Amino acid sequence: REMIRMTITITGRKVTLRDSFKQRVEKKLSKLDRLFGPDAQAAVTVTLEKNRQTVEVTIKQKGMTYRAEETAFEMEEAFDKVVDILTRQIRRNKTRLEKRLR
């Protein structure tokens, strides 16, 4: 069975993104693939402000939007926190929808 993945766009503002970070983003967001259909789109934006890095992730699918933003000294650390927040949001929303359908 072939995996149909969501489209991931990675943008860096005032910062050059390393390939290792891009691979990390692809790997972590691919774990959320099973919760979304192939029409889902994820936008990852990394912004450098003074010595802080802000990572913002927005996932859109069929009128549903999940968004999380986190600031830390390291972009990897901020990204990990964002993925945790998004996972919680998605899980909470999925259970809410299931209860409404029952």
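Predicted model: local features only at pLDDT ≥ 70, side-chain atom pairs only at ≥ 80, totals over all residues.
User: Why is H1 called roughly parallel to H2?
Analyst: The axes of helix H1 (residues 19-30) and helix H2 (residues 75-101) cross at roughly 10° and come within 11 Å. Angles under 35 degrees count as roughly parallel, over 145 as roughly antiparallel, 65 to 115 as roughly perpendicular and the rest as oblique, so H1 is roughly parallel to H2. Helices here are DSSP runs (H or I, at least four residues), as are strands (E, at least two).

User: Which residues make the contact of H1 with H2?
Analyst: Phe-21, Arg-24, Val-25, Lys-28 and Leu-29 in H1 meet Met-75, Glu-76, Phe-79, Asp-80 and Val-83 in H2, where contact means heavy atoms within 4.5 Å.

User: What makes Arg-24 and Asp-80 a salt bridge?
Analyst: Their side chains meet at 2.7 Å, N to O. A salt bridge needs a side-chain nitrogen of Lys or Arg within 4 Å of a carboxyl oxygen of Asp or Glu, so the pair qualifies. Arg-24 lies in helix H1 and Asp-80 in helix H2, so the pair ties together parts that are 56 residues apart in sequence. Arg-24, Lys-28 and Asp-80 are linked in a network of salt bridges.

User: How do you know that Lys-81 and Glu-77 are about one helical turn apart?
Analyst: They are 4 residues apart in helix H2.

User: Why is Thr-45 called buried?
Analyst: Thr-45, in strand S2 (residues 41-49), has 13% relative accessibility. Buried means under 20% relative accessible area, exposed over 50%, partly exposed in between (1.4 Å probe, protein chains only), so Thr-45 counts as buried. Beyond four places in sequence, Thr-45 touches Thr-11, Arg-13, Thr-54, Val-55 and Glu-56.

User: Is Thr-58 buried or exposed?
Analyst: Thr-58, in strand S3 (residues 52-61), has a relative accessible area of 15%, so Thr-58 is buried.

User: Why is Arg-67 called partly exposed?
Analyst: At 41% relative accessibility, Arg-67 counts as partly exposed. Its side chain forms a salt bridge with that of Glu-69 (2.6 Å, N to O).

Conventions: Residues numbered from 1 in each chain as written. Heavy atoms only, no water. Axes fitted to C-alpha atoms, helices over the stretch in contact; angles between N-to-C directions.
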